[in-house]
Amino acid sequence: MPKPDHIELTVNGAALRVDAGTTVAAALLMCAAHARMSITGEPRAPLCGMGICYECRVTINGVPHQKSCQILCESGMDVQTP
Amino acid sequence: MTKSWDVVIAGGGIVGTACAVECVQRGLRTAVVEPGSIGGGTTAAGMGHIVAMDDSPAQLALTRYSQQLWRALAVRLPATVEFDCCGTLWIAADDEEMAEVHRKHAVYAEAGIPTQILDAGALASAEPHLRRPLAGALLVPEDAVLYPPGAAAWFMQQAVRMGAILYGQRAVLCAAKGIVQLDDSTELRATTIVNAAGADAPRVTTGLPIRKRKGHLVVTDRYPGYVRHQLVELGYLKSAHSVTADSVAFNVQPRRTGQIILGSSRQFGADDTAIDHRILSAMIDRARAYMPEIASLKAIRTWTGFRAATPDKLPLVGPWPGDESIWLAAGHEGLGITTSLGTAKLLADALTGRPPAIPIEPYLPRRFAERTAHA
Amino acid sequence: MKTSFDVLVVGAGPAGIAAAVRAAEKGASVGLVDDNPAPGGQIWRRGAPQNSSARQWFSRLEAAKVQRLQGWCVFDAPRSGVLSAERSDCDDEIDCCAELHYDKLILATGARERFLPFPGWTLPNIMGAGGLDALARGGLPIAGKRVLVAGTGPLLLAVAAELAARGAIVVGLCEQAPVRQLARLSLQLFRQPAKLMQAAHFGIACRAFPIFTRCWPVAAHGNGKLESVTVQRKGRQWMIACDYLACGFHLVPNLELPMLAGCRIDNGFVTTDDLQQTSVANVYCAGEPTGIGGVERALLEGQIAGLAAAGREPEARALCRKRTSMQKFVRALESACRLDPQLRTLAHKDTLICRCEDVPLAALREYRSWRAAKLLTRCGMGPCQGRICGAATAFLFGWEQDSVRPPLVPVRMASLIAQNNENGEETR
């Protein structure tokens, strides 16, 4: 079966439709202001875009600490940010 | 250049800095010599467990005394010390170990240490990530955890505030007969030289009955609430007992940050700091046997360290028979963090002729000289 | 999972792709491991129209017999001839970790951006220059968004041009270097036709936005996310409203794996001989870790390493001649991107230096070494393992980094358990 052109996923419960090949980091920035909260409570979003800074971590399908900039969106994915 | 002191302490780890506080508080002119960063040596490899341990009556006395001192100090400790009175759960996997739980409960009760026996159900509620079934556990609620380098740094700060001097970034080349020579040609004259150099103690004073025992540690990313107490398997005692074999035991600790520290391993005769994958793997695998899902947690860092082990598992606190200017505060094996406070008080009391709170005899270094004399 | 290769290449950027392709075309069994979902590294990241050079190399990669381990991250070099790797995305049913055996190893781990802290730099929508570009290529909508580009280096021009081509409104480009410092670099561009073409392309795009030299951000502002940036130029400050700030101060090489493998490092880069061999037998290094020098140099070094690793020394040597002129570009780039000492004053006492552990500048000032600061403030103890704050503190305080220890990245404990495998059995 050929890969779909669009992918449907949810970010914090809200449905989102993105092009195939979109990273979870890009997807979450489309509808959420941040990826994680720092230990002193600052909102943080992706910084380096290449899997080094760990600022883009989110919970995907219940698994925490996933680097969203290196993960492609998949159909039915559930992305949660604080 | 020569300076004169009442006490010069070799080693700015948790034991050395705790001793510095006690000495300077009693009016002794005190200096501390540390080649690296405060709490960066043996102290940095400690798990930071404050634990009452009953391997022997003398060990129980010293750890209990120290545990009480920590509890009294807790309210003054800054956040950087990360002191957390989370308690210890000694975990019994089977009936044999459960019998050990009951035995420990009785021993601790006699020593005035409050404990609570948990059955399998209570244990599962207390720590949901432990596998089931386990037999139960002994909870020691007055045990705690802290961040060892933070504690050492705070002690040093307190000591300096009261007039102690730190000779930092300098190593002790020679310490004997009241003279401490540093590697920058500084010479310190001292009435008493305290060897608190951790795993490096045998280098500072020759002939110490101390062997290095290597340990591995892993710290995870933040998983707040995953582990609530310090968890130790009762088999830990078998590991600490063994004199020759390499061994691992289940031992995890929650940090204030929500990170989990995983130990423990013991090896004699391994002198390098490199990670031994065989041992590390066995150590984590042992943890998985008690907490199956731990395998999916992320490890951020691994490191090793050396415990200073004596033949009878008790530290060396007091005058060294080989040189009347040298006193020891070393050989604490896995209990240096806990007993740093007790050691410091015993040492400083003995130095100033005050009666100690607990008998100092079991820890006096001369016990080894006497043994060799009788051999 | 356990696999063996004649030649194992780490990093699927231009250098790694060139090395893997050349070695495979000469008959070696080749593995190419990379932690991103797709090959290309940073500069050839998919999601943008590729130039013809990139397209050709990707075609050759598809055609070559290279075993691709895409989405795998190398976290340890436990002994000679073996690397440990873990899958980035993994559920518990699949094998999540791998033991990769090799006769020859080629390290093409690339470079990362240097971030310098300033007040407000942790606000969402402030990224690296390459960072915003990577996110845009990953699908972040940028059309119609106001982007300020800042920092130093030719990467800024490349990023500004690409974002403009995607429809972003580039409100300005702030380069910290003075014009005369950049001039030597321009001379070098004339010596390299390929680069001249790139520059001309950028020149066309750049007429669309203002470029300021000797200019840098001093503060970022916004409520919950970026709204504006205050920049400074020769003592004059002004505010620029923007949606994104793409800010990076040149590149630093990814040396962690070369260091763990025991490779000798001189002046901050991996030392290699003519054939890209490091100080460790059977370990080669190519591209940015040997010197920040751009795509053409990375391709050339990758090819030399690939040919040499496949036992084709004469063919490798034939390419060495071309590398000499590229070395001049490396030096020109280094001096062009020299950082103004005033950048050390950007961070205020409560500006966070370590983002993982939220450690401010004030907490760090009293320490004289990276190790002491780490131990007593937790700076560098977070999951990025000091990769972001390490470059900043090296510039701010001159601190040298610690030796490297495994795991090179946070990994599942299961992967550490699986490393106990001396007999080469199937690992779980």
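## Domains of chain B

The centres of domain 1 and domain 2 of chain B, taken over C-alpha atoms, are separated by 29 Å. Domain 1 of chain B comprises 2-46 + 148-210 + 312-374, and domain 2 comprises 85-142 + 211-309; these bounds come from an automatic or database domain assignment. The model is predicted: local features need pLDDT of at least 70 and side-chain atom pairs count only at pLDDT 80 or more, while totals for chains, interfaces and linings use all residues. Residues are numbered from 1 along each chain as its sequence is written, and chains are lettered from A and ligands numbered from 1 in the order in which they are written.

Between the domains of chain B, 12 residues of domain 1 are in contact with 13 residues of domain 2, a contact being two C-beta atoms, placed from the backbone, within 7 Å. The side of domain 1 that touches domain 2 has 6 nonpolar, 5 polar and 1 charged residues. Nonpolar residues are Ala, Val, Leu, Ile, Met, Phe, Trp, Tyr, Cys and Pro; charged residues are Asp, Glu, Lys and Arg; the others, Gly among them, are polar.

## Overall form of chain B

Chain B has 10 helices and 18 strands, where helices (H or I, at least four residues) and strands (E, at least two) are DSSP runs numbered from the N terminus. Its C-alpha atoms fill a box of roughly 65 × 45 × 40 Å along the principal axes.

Among contacts in chain B between residues at least 6 apart in sequence, 74% join residues at least 24 apart.

## Contact of chains B and C

This contact takes 26 residues from chain B and 20 residues from chain C. On the chain C side, α11 (370-377), β22 (411-412) and α13 (413-417) each supply at least two residues. By class, that side has 13 nonpolar, 3 polar and 4 charged residues.

Strand β16 (residues 298-309) of chain B pairs with β22(C) in the antiparallel sense over 2 bridges; pairing requires at least two bridges found by DSSP. Lys298(B) stands opposite Arg412(C) in β22(C).
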